[in-house]
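Good morning. I have a few minutes on one structure, so please look at the screen while I talk.

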Amino acid sequence: METPDFGIPRRLASRMSMAEQYEYLRTRLSRRRTLVTAGAVAGGLLTGCSGPSGPASAPASGPAAATSRVAGAAIAPFGRHLAFGADPKTRMRISWQVPLAVRRPFVRVGLRPDDLSRRIDAELRDLHTPGLSGVRPAVEQYYVHAALDGLRPGTTYYYGVGHDGWDPASPAHRSTIASFRTAPATPERFVFTAFGDQGVGKSASANDDVLLRQRPAFHLHAGDICYADANGTGSTSDGYDPQYWDLFLRQTEPVARSVPWMVTTGNHDMEAWYSPDGYGGQLARFSLPDSGFDPHGTPGAYAFTYGNVGFVALDANDVSYEIPANLGHTDGRQTKWLDSTLGELRSARDVDFVVVFFHHCAYSTSTHASDGGVRDAWLPLFARHQVDLVINGHNHVYERTDAVRGGEVGRAVPIGGSTDPARDGIVYVTAGGGGRNLYSFPSGVKDSYEGNVTRHDAVRSFHWTRSRAAEAETVEWSRVRYTGFSLLKVEAEAGAAPRLTVSALAQNGDRIDHFEVRRGR
C-alpha cells in the first residue's frame with residue numbers, strides 16, 4: 001500500500017508560517033500519534049535517587065503491542081545523553097533511545113558501579129513521523145527519559161539504563177554502566193566546552209574526541225544539532241530524514257553519556273512535522289530545564305547556574321530576520337523572560353559571570369553574516385545586564401570579535417588579551433565549526449588566528465533586516481577568523497579574582513585563540 005503524500009506544495013509552503021503549515025497538515029492527516037511531552041517522572045531523594053520502584057504504567061496502544069512481538073532482551077538501548085535539571089547540583093536527566101517500544105523502562109543508580117540498588121522509573125516518548133510518498137516511509141522512534149532529583153552536590157554517580165528483559169545490573173550488560181558528576185556545592189574551577197552545527201560524520205565525531213579530552217563538566221551545543229532537516233527553513237518542503245537522529249545519538253553517546261549535553265535550537269532543528277513551532281521532535285528527544293515562560297515547552301530556552309557562572313540558552317528562531325519561520329512565535333515572552341533572568345543572575349551574589357548561547361549570530365562576517373533580529377531584540381538587554389560572553393553557531397567557522405559596545409569596538413581584544421565587560425563591552429564568539437561542512441569568509445578576507453595573525457583590516461559584510469534584505473556594513477570588530485573544524489573551551493575560576501579563560505581549539509588540538517574575561521571589583 002502506498003504511503004499517502006502529506007506534504008505541502010513548495011509554492012504554498014513558502015507563503016505560510018510554521019503554525020499555518022502545521023494546521024494544514026493536521027487537517028489532512030487521518031492518523032496522528034500523540035507526542036508525550038510531559039516532564040520526566042520525578043525520581044529521587046538524597047544519597048541515591050530513591051523513588052518508586054514498582055511497575056510503571058505501560059502505554060495503552062502501540063508500544064505495548066510492539067513488545068508483545070519482540071522480547072525485551074533483544075532490544076538494546078542506545079544513544080544515552082545527559083542534561084542538567086534546573087539545579088545542576090541536585091538534578092540530572094538521563095535520556096536514551098530504543099529501536100522498538102519497551103515495557104517499564106528504568107534507570108539504575110548508585111554510588112558505586114557494583115551497587116546500582118536504586119531503580120527509577122522512566123518515561124517512554126513515542127515520536128511518529130508521517131510518510132511522504134516516493135520520498136520516505138513513516139517512521140516510529142522511541143525515546144526514554146528519567147528524572148533524577150535530590151542528588152548530592154559534587155558527587156559521582158554510576159548508572160545503567162534498562163527495561164523489562166534488559167537489566168544493566170546483570171553480568172551480561174554491566175559493560176554499559178556509565179557515570180556522571182553533579183555540580184559542586186560551592187564554586188570551584190571547572191571547564192565547559194561549546195560549539196554549534198555538528199551533524200553526523202567523521203569531522204563531527206572527531207570534534208567529540210577533542211571535546212572529551214578537555215574533561216568538561218558539561219557541553220553547550222549552540223543549535224543545528226544533527227541536520228535531519230537538510231534545508232533548515234522550518235518548512236515541510238524541507239528535505240527531512242528523522243533517522244539521522246538515530247545516527248547522531250549513536251555518534252554522540254561516547255561523550256554525552258557522561259558529559260551533560262545542553263542544547264539549544266537552530267534553524268535546522270525546526271522540524272515542521274511534529275508541532276506548530278517545529279519543536280515536537282526536540283521535546284521527544286531531549287529533557288532540558290523548563291523555560292519558565294512557555295507552558296507548552298520551548299526546548300531551546302532555559303537557564304541554569306554552575307559554580308560561579310550563570311548560563312542562558314535562547315531560541316533565536318523566535319527573533320531571526322534571516323529565517324523567519326518562527327519569527328515572533330513566543331509573542332515577546334522569551335525576550336521578557338530573558339530580561340528578568342539576566343537581571344536575576346546579575347544580582348545573584350554567587351554569580352560572577354553570565355554566559356548566553358544561541359544559534360544565529362549577533363556579529364559574524366561569514367556566509368550567514370549577522371542577524372538584525374537578534375541585534376534588535378536582545379543586544380540592548382545584553383548591554384544593560386553586562387553579559388560577559390555570547391556564544392553562537394550558524395556560520396560554520398570560528399570567528400571572534402573584539403569587545404563590542406554600542407555596535408562598535410569598545411576595546412580591542414587581541415589574541416591573549418583581556419577584557420572587562422562592565423567597562424569595554426561584550427565579546428561575541430561564533431563557534432560553528434562543530435563538524436558540518438565548512439563555510440568561508442568574504443572574498444579577500446584572510447584567516448587570522450593564533451600562530452597565523454594577519455593584518456587587522458575592516459571587513460565588508462552585511463546584516464539581515466526585518467524585510468529579509470541583506471544590508472551592507474563595514475566592520476572593525478572581526479578580530480579572529482579560522483576556517484576549520486573547532487570547538488570552544490572555557491575555564492571558569494572563582495575566588496578573589498574570578499575570570500573566564502576562553503580558548504578555541506582546532507580539531508588537531510592546537511589552540512587557535514585565547515583571551516580572558518575579568519570583572520572589575
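Predicted model: local features only at pLDDT ≥ 70, side-chain atom pairs only at ≥ 80, totals over all residues.

Four strands make up an open sheet, and their order across it is β1-β2-β6-β5. The pairing is antiparallel. Which strands stand at the edges? They are β1, residues 78-84, and β5, residues 123-129. Each has a single partner strand, so one side of each is left without a neighbour in the sheet. From one strand to the next, the twist averages 25°.

For β5, the pairing is with β6, residues 139-148, over 7 bridges in the antiparallel sense. If you want a place to look, find L127, which stands opposite Q141 in β6.

Now the helices. Helix α5, residues 244-256, packs on this sheet and touches β1, β2 and β6. The direction of α5 makes about 60° with that of β1.

Helix α5 also packs with helix α4, residues 202-213. Their axes are 9 Å apart, and the angle is about 5°. Angles under 35 degrees count as roughly parallel, and α4 and α5 are therefore roughly parallel to each other. On the α4 side the contact is made by A204, S205, D208, L211 and L212. On the α5 side it is made by Q251, T252, P254 and V255. By type, the residues of this contact are 5 nonpolar, 3 polar and 1 charged.

Next, strand β9, residues 190-195. How many of its residues are buried? The count is 6 of 6. In β9 both faces are covered. F190, F192 and A194 are buried on one side, and V191, T193 and F195 are buried on the other.

Strand β9 pairs with β25, residues 486-493, through 5 bridges, and the two run antiparallel. There, A194 stands opposite L488. Strand β9 also pairs with β10, residues 218-221, through 4 bridges, and these two run parallel. In that pairing, F195 has H221 of β10 as its bridge partner.

Last, the cysteines. The structure holds 0 disulfides. Are C226 and C361 buried or exposed? Buried means under 20% relative accessible area. C226 has 1%, so C226 is buried. C361 has 0% and is buried as well.

That is what I had; questions are welcome.

Definitions and conventions:
Residues numbered from 1 in each chain as written. Heavy atoms only, no water. Pairing = 2+ DSSP bridges. Axes fitted to C-alpha atoms, helices over the stretch in contact; angles between N-to-C directions. Contact = heavy atoms within 4.5 Å. Parallel < 35°, antiparallel > 145°, perpendicular 65-115°, else oblique. Nonpolar A, V, L, I, M, F, W, Y, C, P; charged D, E, K, R; others polar. Disulfide = S-S within 2.5 Å. Buried < 20%, exposed > 50% of the residue type's maximum accessible area, 1.4 Å probe, protein only.
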